[in-house]
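Student: Can you walk me through this one? I'd like to go piece by piece.

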Amino acid sequence: MTNDILDLAARVGQALQAKGLLLATAESCTGGGISQAVTEIAGSTGWFDCGFVAYSNPSKTELLDVPAALIAQMGAVSEEVAAAMAIGALANSNAHVALSTTGIAGPTGAVPGKPVGTVCFGWARGDHTYTERLVFQGDRQAVREQTVVHALQGLLRFIE
């Protein structure tokens, strides 16, 4: 865990606490890395509710209520699935805001139109959901670290 990620996680915690918000995460390609980063921060129990690691497609459906038909139609790595994951994290937790990640960290898994490094993000709060799709460069670890950073930075923008 880099100091930059820990500093960012602390900033997220301060922002959430100042607004009285609880966070839930729904992670696929990051494998719990975002949850790990935020729980490294002392006092995170005041602003972090829970994290779901839904790595397989069936787990996305079972844990987060992502429709299997949506995954079949759009692919697990899609903005639509990222949105559904974030919404599902809200629905299955006590959180007020949620973020999600689903992507191809590599080195394998690329499909036409979705190269290694493709990551889709979702942020949800109430009835508002925002998604993004980015393609990161680097090896598996680099893609996952960049994903954690972007997810947390995006959360700061989303709640402000």
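Tutor: Let's start with two rings. Phe121 and Trp123 are both buried. Keep in mind that this is a predicted model.

Student: How are the rings of Phe121 and Trp123 arranged, and what's the distance centre to centre?

Tutor: They make a stacked aromatic pair. The centres are 5.7 Å apart, with 5° between the planes.

Student: How many aromatic pairs does the structure hold?

Tutor: It holds 3. Another one involves Phe121 and Phe136. Their planes stand at 90° and their centres are 6.2 Å apart, so this pair is edge-to-face.

Student: Where in the chain do Phe121 and Phe136 sit?

Tutor: Phe121 is in strand β4, residues 118-125. Phe136 is in the loop between β5 (128-135) and α6. They are 15 residues apart, and the pair links distant parts of the chain.

Student: Is Phe136 buried or exposed?

Tutor: Buried, like Phe121.

Student: Which residues form the aromatic cluster?

Tutor: Phe121, Trp123, Tyr130 and Phe136 form one cluster.

Student: What does His150 touch, leaving aside its neighbours within four places in sequence?

Tutor: Its contacts are Phe121, Trp123, Glu132, Leu134, Phe136 and Arg157. His150 lies in helix α6. Its relative accessible area is 12%, so it counts as buried.

Student: Switching to helices. At what angle do α1 and α6 cross?

Tutor: Roughly 25°. Helix α1 covers residues 3-19 and helix α6 covers residues 140-159. Their axes come within 10 Å.

Student: So how do α1 and α6 run, parallel or antiparallel?

Tutor: Roughly parallel to each other. Angles under 35 degrees count that way. The crossing of α1 and α6 is left-handed.

Student: Which residues make the contact?

Tutor: From α1, they include Ile5, Leu8, Val12 and Leu16. From α6, they include Val148, Val149, Leu152 and Leu156.

Student: How do the residues of the α1 and α6 contact divide into nonpolar, polar and charged?

Tutor: There are 12 nonpolar, 1 polar and 3 charged.

Student: New topic. Where is Glu27 found?

Tutor: In strand β1, residues 23-27.

Student: Buried or exposed?

Tutor: Glu27 is buried, and its relative accessible area is 0%.

Student: What does Glu27 touch, not counting residues up to four places away in sequence?

Tutor: Among them are Gly32, Ile34, Phe52, Tyr55, Met85 and Thr101. Also, Glu27 and Ser56 are 29 residues apart in sequence, yet their C-alpha atoms are 10 Å apart in space.

Student: Which residues is Ile104 in contact with, leaving aside its neighbours within four places in sequence?

Tutor: Its contacts include Val77, Ala110, Pro115, Val116 and Val143.

Student: What's with the peptide bond from Gly106 to Pro107?

Tutor: That bond is cis, with omega near 5°. Pro107 is in the loop between β3 (97-103) and β4.

Student: Is Pro107 buried or exposed?

Tutor: Exposed, at 73% relative accessibility.

Student: Last one. What is phi of Asp65 near?

Tutor: Near 65°. That is a positive value in a residue other than glycine. Asp65 is in the loop between α3 (57-64) and α4 (68-74). It is partly exposed, with a relative accessible area of 48%.

Methods
Residues numbered from 1 in each chain as written. Predicted model: local features only at pLDDT ≥ 70, side-chain atom pairs only at ≥ 80, totals over all residues. Heavy atoms only, no water. Axes fitted to C-alpha atoms, helices over the stretch in contact; angles between N-to-C directions. Helix = DSSP H or I, 4+ residues; strand = E, 2+ residues; numbered from the N terminus. Parallel < 35°, antiparallel > 145°, perpendicular 65-115°, else oblique. Left-handed = near helix turned anticlockwise from the far one by under 90°. Contact = heavy atoms within 4.5 Å. Nonpolar A, V, L, I, M, F, W, Y, C, P; charged D, E, K, R; others polar. Phe/Tyr/Trp six-rings, centres within 6.5 Å; stacked < 30°, edge-to-face > 60°. Buried < 20%, exposed > 50% of the residue type's maximum accessible area, 1.4 Å probe, protein only.
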